[in-house]
Amino acid sequence: MLPTPCRIVAIEVDNYRTKTFIFDARLEAAPGQFVMAWLPRFDEKPFSLVNADPVTLMITAVGPFTRLVHELQVGDRLWLRGAFGHGFCAFPEQRRPALVGGGYGVAPLLWLARQQLAEGAQVTVIVGARTQADLLYIDRFERVSDSTSPGALTIRVTTEDGSRGQPGRVLDALTPLIERGEVDGVYACGPHGMLQAVEAVAQRASLPCQCSWEAYMRCAIGICGACEHAGKVLCLDGPVLAAQRSFGASSHCASPL
Ligand SMILES: Cc1cc2nc3c(=O)[nH]c(=O)nc-3n(C[C@H](O)[C@H](O)[C@H](O)COP(=O)(O)OP(=O)(O)OC[C@H]3O[C@@H](n4cnc5c(N)ncnc54)[C@H](O)[C@@H]3O)c2cc1C
Ligand code: FES
């Protein structure tokens, strides 16, 4: 799959180091899948799809590539290829999912929440960050649950410094919900340490759990091996992996939502 030049039609500033870019392109894709974004003669990096129609990416400036993307303006082009990987898949019978996002890990969860709400689910979104200034997409989650969606959305916010919401980490908000039996499935995206902890707490309660894992990616088509994680090639088998006990022998989500 070759990179296609896509024009930026809108840019929204989300926080001091994160912007959302909307492109004049659409893709067939599911929440949790990703694209490779290329700046010719510079580099190519993976980003989760915030939306596929139109293609929307949330990009946090953490290094050379993302800082350069932040300099692009409406009308400029970024070359995209994808969508790649396996996204989140539906847990049959799960009507009270918790969606847990740490940092820019919230990127694929907005679309997932929208789908689950349309199916009538009682969705709890937990958004965590170090400080209030680092929080992302709270306002978008607030807007996603409109009066026409049959489901209901509850938003919980955690910050490590206590500047907004519950002081602490996403796990501090998730664990009591699980202990009180208020959620029946967990979907998460964020840093590895957070995902390992979320997976452990979900598995202790025998809840199905799917996590979107980050890895260094180069080819995105299963050839180079750059994205190997726990015996999986994440660009093909992931980035969303189901915890082993969620699907018996199966460890990746084979079917989109
Ligand atoms: C499937 C997938 C989806 C992603 N979705 C998003 C998204 O929606 N929005 C977003 O802003 N970013 C996302 N990323 C992360 C993004 O691709 C990286 O942050 C990218 O490397 C940034 O490039 P850079 O040159 O700006 O910074 P780099 O110099 O590449 O990285 C900056 C810092 O982040 C660390 N880092 C970079 N990539 C990784 C990694 N994979 N694992 C651990 N540490 C890493 C580096 O060690 C370095 O310290 C995603 C990554 C994957 C694999
Ligand atoms: S990025 Fe090359 S095998 Fe996954």
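Pro108 sits in the loop that joins strand 8 to helix 2 (109-118). Helices (H or I, at least four residues) and strands (E, at least two) are DSSP runs, numbered from the N terminus. The model is predicted: local features need pLDDT of at least 70, side-chain atom pairs count only at pLDDT 80 or more, and totals for chains, interfaces and linings use all residues. Residues are numbered from 1 along each chain as its sequence is written, while chains are lettered from A and ligands numbered from 1 in the order in which they are written.

Pro108 is buried, because 29 other C-beta atoms lie within 10 Å. The cut-off for buried is 20 or more such atoms, with C-beta atoms placed from the backbone; exposed means 12 or fewer, and partly exposed lies in between. Beyond its neighbours within four places in sequence, Pro108 contacts Pro31, Gly32, Ser48, Leu49, Cys189 and Ser212. Contact requires C-beta atoms, placed from the backbone, within 7 Å. Phe21 is 87 residues from Pro108 along the chain, and their C-alpha atoms are 14 Å apart.

The chain divides into domain 1 (4-84) and domain 2 (97-246). These bounds come from an automatic or database domain assignment. The C-alpha centres of the two domains are separated by 21 Å. Domain 1 gives 16 residues to the contact and domain 2 gives 17 residues. On the domain 1 side, strand 1 (4-15), strand 3 (34-39), strand 4 (43-48) and strand 6 (55-60) each supply two or more residues.

Ligand 1 has 20 residues around it, of which Thr60, Gly63, Phe65, Thr66 and Ala107 come nearest. A residue counts as near if its C-beta atom, placed from the backbone, lies within 6 Å of the molecule. Both domains take part, each with at least three residues in the shell. Strand 4 provides the largest share, four residues.

Seven strands form an open sheet of mixed pairing, in the order 11-10-9-8-12-13-16. Strand 11 (166-167) and strand 16 (240-242) are at the edges with a single partner strand each, so one side of each has no neighbour in the sheet. Two strands pair if DSSP finds at least two bridges between them. Strand 8 (residues 97-102) pairs in the parallel sense with strand 9 (residues 122-129) over five bridges. Within this pair, Gly101 stands opposite Val127 in strand 9.

Note on methods: Two residues are in contact if their C-beta atoms, placed from the backbone, lie within 7 Å.
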